[in-house]
Amino acid sequence: MKVSLATLTATVLLSALYMALADDTQTDALRKQGVKVERLPDGRTRLGRVTIDARRRTIEFDGKVNMREGLVELLACTLDGKVHESVLVADVRPLHLQLALLTLGLNPGRNPGIPSDAGDKRKPGDMATIEVSWMEGEKRRTVRAEELIWHRPQQRAMERTEWVFLGSVIEEGGIAADATGSLITTYHDPTAILENLLPTVADDTLYFANSRVAPPVGTKVTVTITAVKMKDP
């Protein structure tokens, strides 16, 4: 019963969000979950601190550099998340990020990088690419997220990859990521929203923050998530 109620809650929220995107109506369902929708003059939509560009199929949120060295299990977490092992931190609500990905038409699912996860019967989740940008003097520098992560055994940056929309576990009170703060992970976390697609996701000893690329701790960054174009059936 808990699963069905939770799924119903998620469905109602998404339906309410579509209504808000269509006619700027702030429904009771969104209010009750603390979801504020704002239409921007340039046609984009702001969902809390997450910005959705439906035309470009991108999502953006701001954060800052949290680590430049040390073992990591996350690319990004919230301020209340696993900040001791995350390259970036961001003051965003995980529910808002998950809803934003859903509005772009992405479907959550299992991580194909973990073939041994027999307990997850879902189809593989849809994919996205992630970039991180920041100002260096008067110029903006943009890198793939993988460049901020160092694969120590191979002595190189993380292999370029797409990231799978895992979709945080749904609970009656919302999504699990709202409690754990896990936004984007390099090591498998069933409560995360987006996750490393590579087989390395099963090993928590490989990845470190990449001081060769990452700017100083505290540097403000913008994370841009781009939905991968769907293939024709």
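## Burial and surface

Of the chain's 233 residues, 50% count as buried, meaning under 20% relative accessible area with a 1.4 Å probe and protein chains only. The model is predicted: local features need pLDDT of at least 70, side-chain atom pairs count only at pLDDT 80 or more, and totals for chains, interfaces and linings use all residues. Residues are numbered from 1 along each chain as its sequence is written, and side-chain values use heavy atoms, with hydrogens and water left out.

The accessible surface (Shrake-Rupley method, 1.4 Å probe) comes to about 11800 Å². Carbon and sulfur atoms hold 52% of that surface.

## Secondary structure and contacts

The chain has four helices and 17 strands; these are DSSP runs numbered from the N terminus, with helices (H or I) of at least four residues and strands (E) of at least two. Among contacts (heavy atoms within 4.5 Å) with a separation of 6 or more, 61% are between residues 24 or more positions apart.

## Pairing of strand S7

Strand S7 covers residues 127–136 and pairs antiparallel with S11 (residues 163–165) over two bridges; pairing requires that DSSP finds at least two bridges between the strands. S7 also pairs antiparallel with S17 (residues 220–227), over six bridges. Ala128 stands opposite Trp163 in S11 and opposite Ala227 in S17.

S8 (residues 139–144) runs antiparallel to S7 and is joined to it by six bridges, with Ser133 opposite Thr142. The two strands form a hairpin with two residues between them. In the turn, Gly137 has a positive phi of about 70 degrees.
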